[in-house]
Amino acid sequence: MLVPANAYDYRQLAKKRLPKQFFDYLEGGSYNEHTAQANITAFNDVQLRQRVLQDVSKRSSAHQLLGKPVAMPIALGPVGLAGLFARRGEVQAARAASAAGIPFCESTVSLCSIEEVAAASKGELWFQLYMLKDRGYAKELLERAHACGIEVLVFTVDLAVLGARYRDTRNGIAGAQGVRAGLARATDLLSHPRWLLDVAIKGKPLVFGNLQAAVPNAKSLPAFKHWVDQQFDDAVTWQDLEWVRQHWPGKIMLKGILDASDANIAADMGFSAIAVSNHGGRQLDSVPATIHALPAIVDAVAGRCEVLVDGGIRSGLDVVKALALGANGCLLGRAWAYALAAQGEQGVANLMATFKAEIDVAQALTGCTTIAQINRDIVITNNG
Ligand SMILES: Cc1cc2nc3c(=O)[nH]c(=O)nc-3n(C[C@H](O)[C@H](O)[C@H](O)COP(=O)(O)O)c2cc1C
């Protein structure tokens, strides 16, 4: 392939470029991966209504997310360990997002620290946090993000416990590993010399930038997994979110809402936004595809907070479908990580240009010159 044309092409390139264990970590869903797949295929159940002979000569994809202007209604969502996909991966992705005029969300479990990313990118940054049992450490992370000038906290609520990812188990990165598994992993790394040079050698230090004080052996993924199992708090309730509010002066988006009842509580509590998400099908398999869950949630929220959505979004057409079903914007996950793994910052920048062009054409051919004009009238769903 000479020139990758879309997210699927970047996926192919990422598969070649990355050691199998890291491509599988990126690509995989939980259990039988039904939901991870359904997130993608469900977009085929939503069709765009083509309209003709409307003057669409003046079009704009500009919009607002969480009160800030964006060039298109997209943010790069939190993807943990992105620094394993390309050298200083989070920095490269944040720079590409900044150039594209969209926010970049730094995951708690990034390789580059929030300070490194903030120093390297002038664009809008968000910070994602999981609730940790060690509230003192969680508070410290919030303070660090705030000190970097970040105003939006993305608080992930769908990871009380970890869904099993069988690919990671098979590749020996989901728990304790024996000598044979260790050798197989090393062989996998050594047989990807371009990755080895770019990431393992030139991309040092390979540590969890936000968690250095907490993760005893940041170079070992099994040790990290152990820390996650120990620290992620399965006792968290809606009441605990008051603690988060007390310690975060900015806006908060709850990420991982999939049910209208939960969306209703979040809106009642006055959160700025929710992200309709099933963690890219990486948590509870067999839950609904997000694009199917979205309309009922939008109806339940009834404009009380912003509703973003992620899961299976691979093109600007998918973005327009999500907007038509009531989303204010979309988070990208694997799509940007594929581009990063394939071609670094330039890959992410090129993919964002592709998304923008795809949104533009979908707007033009559905007769919408602004993002605000996109509504349910421009789609036909399988339900009518
Ligand atoms: C490799 C990988 C790592 C992820 N890490 C995080 C994370 O650290 N925090 C988080 O809230 N979500 C995380 N997610 C979930 C994404 O933010 C997002 O919900 C999901 O990827 C969207 O689905 P998509 O990849 O099909 O677009 C991760 C997803 C992937 C694929």
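This is a predicted model: local features need pLDDT of at least 70, side-chain atom pairs count only at pLDDT 80 or more; totals for chains, interfaces and linings use all residues.

Visitor: Helices, then. At what angle do the axes of H1 and H15 cross?
Guide: Roughly 115°, and the axes come within 7 Å. H1 covers residues 7–17 and H15 covers residues 334–366. An angle from 65 to 115 degrees counts as roughly perpendicular, so H1 and H15 are roughly perpendicular to each other.

Visitor: Is the crossing left-handed or right-handed?
Guide: H1 passes H15 in a right-handed crossing. On the H1 side, the contact residues include Tyr10 and Leu13; on the H15 side, they include Tyr338 and Leu351.

Visitor: What classes do the residues of that contact divide into?
Guide: There are 10 nonpolar, 1 polar and 2 charged residues in the contact of H1 with H15.

Visitor: New topic. Which residues come nearest to the ligand?
Guide: Gly80, Ser107, Gly280, Gly333 and Arg334, out of 25 residues around the ligand. Helix H2 (20–27) and H15 each give two or more residues to that shell.

Visitor: And how many of the shell residues are polar?
Guide: 13 are polar, with 8 nonpolar and 4 charged.

Visitor: Last one. Where is Val109?
Guide: Val109 is in the loop between strand S5 (104–106) and helix H5 (114–120).

Visitor: Is Val109 buried or exposed?
Guide: Val109 counts as buried, because it has 21 C-beta neighbours inside 10 Å and the cut-off is 20 or more.

Visitor: What does Val109 touch?
Guide: Leaving out residues up to four places away in sequence, Val109 touches Gly80, Leu81, Phe208 and Leu211.

Conventions
Residues are numbered from 1 along each chain as its sequence is written. Axes are lines fitted to C-alpha atoms, for helices over the stretch in contact, and angles run from 0 to 180 degrees between N-to-C directions. Helices (H or I, at least four residues) and strands (E, at least two) are DSSP runs, numbered from the N terminus. Angles under 35 degrees count as roughly parallel, over 145 as roughly antiparallel, 65 to 115 as roughly perpendicular and the rest as oblique. A crossing is left-handed if the near helix is turned anticlockwise from the far one by less than a right angle, and right-handed if clockwise. Two residues are in contact if their C-beta atoms, placed from the backbone, lie within 7 Å. Ala, Val, Leu, Ile, Met, Phe, Trp, Tyr, Cys and Pro count as nonpolar, Asp, Glu, Lys and Arg as charged, and the others, Gly among them, as polar. A residue is near a molecule or strand if its C-beta atom, placed from the backbone, lies within 6 Å of it. A residue is buried if 20 or more other C-beta atoms lie within 10 Å of its own, exposed if 12 or fewer, and partly exposed in between; C-beta atoms are placed from the backbone.
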